[in-house]
Amino acid sequence: MREYIDGSTAIVRGALDAGCTFFAGYPITPASGILMAMMRELPKVGGVAIQGEDEIASIGMCIGATLAGSRAMTATSGPGISLYSENIGLAVMGEVPLVIVDVQRLGPSTGGATTVSQGDVQFVRWGTGGGFPIIALAPSTVTESYWLTAKAFDLAERFRCPVFVVTDKELATTLTTVDLESYPTIQVRDREVGSGGPPYRYAPADEVAPLHEFGRGATVRFTGSTHDTGGYITKHLPTVDALNRHLSEKIEDHRDEIELADADLEDGAPTLVIGYGVTGGAVRAAVAEARRRGIRVSGLVVQSLWPIPETVIRRAMEGVDRVVVPELNLGLYRREVERIAAGRSVVGVNRVDGELIDVDQIVEAVT
Amino acid sequence: MTDTTQYTRQDWQSDQEVRWCPGCGDYTILASLQNFMADFGVDRENVVFVSGIGCASRFPYYMNTYGMHGIHGRAPAIASGLAVARPDLSVWVVTGDGDALSIGGNHIIHSMRRNINIKVLLFNNQIYGLTKGQYSPTSERGKKTKSSPWGVIDYPFNPVSLAIGAEATFVARTIDMDRPHTQEILTAAYQHQGSAFVEIYQNCNVFNDKAFIALTGKEERDVNRIVLEQDKPVVFGPDDAMGVVIEHGEARIVEVADVGIDAIHVHDATVENAGAAFALSRLSHGPTGPTPIGIFRSVDRSTYASDLQQQIHDAQAARGPGDLALLIAGAGTWEVSD
């Protein structure tokens, strides 16, 4: 059986199958499809969907709903992520699980509302103050839009943090034929709800305390300020140090649980193409086309933008002397690849006119 | 304004192709505004149009003068900076029900409260047009849209009530299709010193057609339009048979014959107390029935920029002009020599 479906619908379905019970968003092209589908579908399964008065309110509602026991998601585009910024920080600091979908469009500012882009890949990484790790998954197909969204809900619970699903205008709004059997089942862990005991844990630094919900069990407090394990505001130096190391290490020490990539490696190939998101489709097609022409080439599609799947990329780079990184920006992710490439030649294939990268452009770069 | 220059509408038309849906109410408002600017002899170099995001916000491209197409909801903030930095400019904000009342709700009320000299034109079509049909803060309860398939459960804003509550010193309402009335209101807003808020009922023929049919339909409009006129009793309908009385802070519609013309409320937009203006604004829910248009409120208060200039003037008069070098050096500095 096959179906005709766009990425937005797949994201909504992934969220619902992952147990999403709350959504709030604000109309913005090209993410409105997710809002509208959620407004239609969530009530059918007993969930709550709200159109907020703006993006600040929408993500704020999601944080409030999570603290009340919901599993929450919001969706927007670049200009909306700008407005999410302070509440992303609050979710990081308060360790609030949350899924944030960024349907990228060409920026900065209003930019091209109906124009594809991958300009937000560093923005989601560094989109709030403080400089702490963030998790961001990037689907490259409709099928991945489904299961990476479910995966995002799982990781949000595992690490008690906001998790991004980074897609784009083309992937979200283009109807594609998909094999129904191609959707994998993702096991999404249940929320471990704390009852009594401190709502935070900083030792060992990488451990995560269960989320304590409001109105259930012991009374707890959340704060955007530096706080002790009881959730009380503090400037006690060792406690503040422990909190900040914990926020970093709970993710950095468990990268192996997060890192995801789809590698198609050819032994002895001198060239490796690394892409992500909608450009990942072009990477797969270009690798196939190049091989058809007798060119030895490996391909790798990054699925966890953050943390970058460093282990897989290192392995893929063995024996490679040239890495090609196509992306719909001027090399924002290439710099991450360069760091890992350790002196290998890293070449970008870049496009910022609002059109997709042609398969031929990539084939030319690997030839 | 100079006496010698004669303008036509063409002087206010830019060379850009106007891109709204065919039949959009925005075309009429654009024409009204261009006509007003020309007829009134406003000099282009003294005017700025600032907008946010939405269909209405394309306006600055089409007015042949200074313009800024900014970001969603923030036009009042940008316009406030402009109006305070250059009090001699006529600063206009073109916005919509989503831009001004949803995402921009905060900025709009504070720009009004401060009596900053900006003219806010709120094109109210009770729908999100640019993002193709989601409900807005002025959409009526129960309305089914693409983002409210089960019906809207929000209570809508009444923009005129909101502006009065936010201390706007000039508050009016007009209708896109009524060009003479629109131009009359624009003239009054232009001449007003301080924050002027004009709600314009604007038909979105694609996503919310006929939302204002009660005031624009051939049969309905004579029954439902309550045209507010300064110092005149508020009467309306065929033969002015209907009228408005205000009792205990509440406006009510009555038959004039029942209460006598002397009992009918005489409209005075210039009274400082906003009670009567607010009571009149509450008649306009929907609008599916009798609804006032015209100037609800027009009172004199000093503007933010004039008060600020006065403070600067007084401070300099009392303490002399500033000397940065002196300020940095202060009294407790000395020179170290070998």
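Close-up 1. Leu327(B) lies in helix 13 of chain B, which spans residues 324–329; helices, like strands, are DSSP runs numbered from the N terminus (H or I with at least four residues for helices, E with at least two for strands). This is a predicted model, in which local features need pLDDT of at least 70 and side-chain atom pairs count only at pLDDT 80 or more, whereas totals for chains, interfaces and linings use all residues. Residues are numbered from 1 along each chain as its sequence is written, chains are lettered from A and ligands numbered from 1 in the order in which they are written, and side-chain values use heavy atoms, with hydrogens and water left out. Together with Leu324(B) and Ile328(B), Leu327(B) makes a nonpolar surface patch of about 390 Å². Patches are made of residues with over 30% relative accessible area and no salt bridge, like charges being joined within 9 Å and nonpolar side chains (Val, Leu, Ile, Met, Phe, Trp, Tyr) within 5 Å. Accessible areas come from the Shrake-Rupley method with a 1.4 Å probe, and for residues only the protein chains shown count as cover. Leu327(B) counts as exposed because its relative accessibility is 67%, where exposed means over 50%, buried under 20% and partly exposed in between.

Close-up 2. Glu355(A), Asp358(A), Asp360(A) and Glu364(A) form a negative surface patch; Asp and Glu count as negative and Lys and Arg as positive, while His and the chain ends are not counted. The place of a charge is taken as CG of Asp, CD of Glu, NZ of Lys or CZ of Arg. Glu364(A) sits in helix 12 of chain A, residues 359–366, and with 64% relative accessibility Glu364(A) counts as exposed.

**Close-up 3. The salt bridge between Arg314(A) and Glu310(A).** The closest N and O atoms of this salt bridge are 2.5 Å apart, a salt bridge being a side-chain nitrogen of Lys or Arg within 4 Å of a carboxyl oxygen of Asp or Glu. Because Arg314(A) and Glu310(A) are four residues apart in helix 10 (residues 310–317) of chain A, about one helical turn separates them. Arg314(A) is partly exposed at 42% relative accessibility, whereas Glu310(A) is buried, with a relative accessible area of 15%.

**Close-up 4. The salt bridge between Lys143(B) and Glu140(B).** The closest N and O atoms of Lys143(B) and Glu140(B) are 3.0 Å apart. Lys143(B) is buried at a relative accessible area of 13%, whereas Glu140(B), at 33% relative accessibility, is partly exposed.

Technical notes
Buried means under 20% relative accessible area, exposed over 50%, partly exposed in between (1.4 Å probe, protein chains only).
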